[in-house]
Amino acid sequence: MRREGVTPTGGDGAAMKVEQAPEAIPLVGGLGALADDYDGFIVDLWGVIHGGVEPYPGVIGTLERLDGMGKPVVLLSNAPRRAAAAGRRLREIGVADHLYRRLVTSGEVAHMALRDRPDPAHADLGRTYLYIGPAVDEDLLAGLDYAAVSDAEEAAFLLCVGLFDEADPLGRYDCLFEAAAARGAPMVCVNPDLWVHRQSGATSPCAGLLAERYRERHGGPVIYHGKPDPRVFHAAADALGLGPGGRILVIGDSLTTDVRGAARAGFDSLFVTRGIFARDLGIAPGEAPEPARLAALCARHGERPVAATPTLRW
């Protein structure tokens, strides 16, 4: 039996490394346990508010409680479409405009960056692009001085909002990527997420998966818009209107975009386990994770939210 305070040694007397269990992540039953500690909230959409069909149980009541307490909410999403389009969809599924102060999407951020070209990376882009994604989002650059082309040889850059078809094998894009990368054409990735969590519990591939392949397999340069870039969190924080010293909590289901981005921006985060990491935690969406498994998952990704909760409810 090992005595407390005694360092185990090997047969040669050398000290043995003792593996320590990751520090536990507080698990709360709902946002009500934390709400008094914060003045405003930045909340993710997919996997937190909804999964594409309707708000998850408890979400609307929670947003109404925050509204009644005078605590502003800004929605921050890696949705690769304009904010107005995302807002229309929210109204269609029952999330009223008054329940949040503003909706910030990676699509809107990308649109503004390609409009204003505020830095050398954007200023150096040409005016022709090859669109990669579903037809529904082809209007992302509508009204701007760019022209869509159908051949990678003619494109100054690739505009990637997702896969043409979610069932596509990634190999479908290799010939296109090889031709673009050979010319040094950048990819503008409008959704850094690798996967999105759907209402059914299934996951679907996102633009980030293609960007990763373009960068790692083909050596192509990528310009990302969206979480975990701290600039989008600061934009969302400004929209809360709290001013200096405002206490802000980020709520999201991704350790790699929501929790990581919040930490980079200097904000606390609440990890919603029902979303994209539910499978890693071995739970059905909405179930509470096993504490040791939750701690190990967060440690593996090098992130530490202030707490975790099974779903967004009060």
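**Notes on a predicted model**

1. Let's start with helix H5 (residues 174-182), whose buried residues are Asp174, Leu176, Phe177, Ala179, Ala180 and Ala181. Buried here means under 20% relative accessible area, with exposed over 50% and partly exposed in between (1.4 Å probe, protein chains only). Helices (H or I, at least four residues) and strands (E, at least two) are DSSP runs, numbered from the N terminus.

2. A quick word on the model: it is predicted, so local features need pLDDT of at least 70 and side-chain atom pairs count only at pLDDT 80 or more, while totals for chains, interfaces and linings use all residues. Residues are numbered from 1 along each chain as its sequence is written, and side-chain values use heavy atoms, with hydrogens and water left out.

3. What do the buried residues of H5 pack against? Their partners are strands S4 (128-132), S6 (157-160) and S7 (187-189), plus helix H6 (207-218); contact means heavy atoms within 4.5 Å. Just after H5, glycine 184 has a positive phi of about 75°.

4. Two strands pair if DSSP finds at least two bridges between them.

5. Look at S1 (residues 40-43) and S2 (residues 73-77): they pair in the parallel sense over three bridges. Phenylalanine 41 stands opposite valine 73 in S2.
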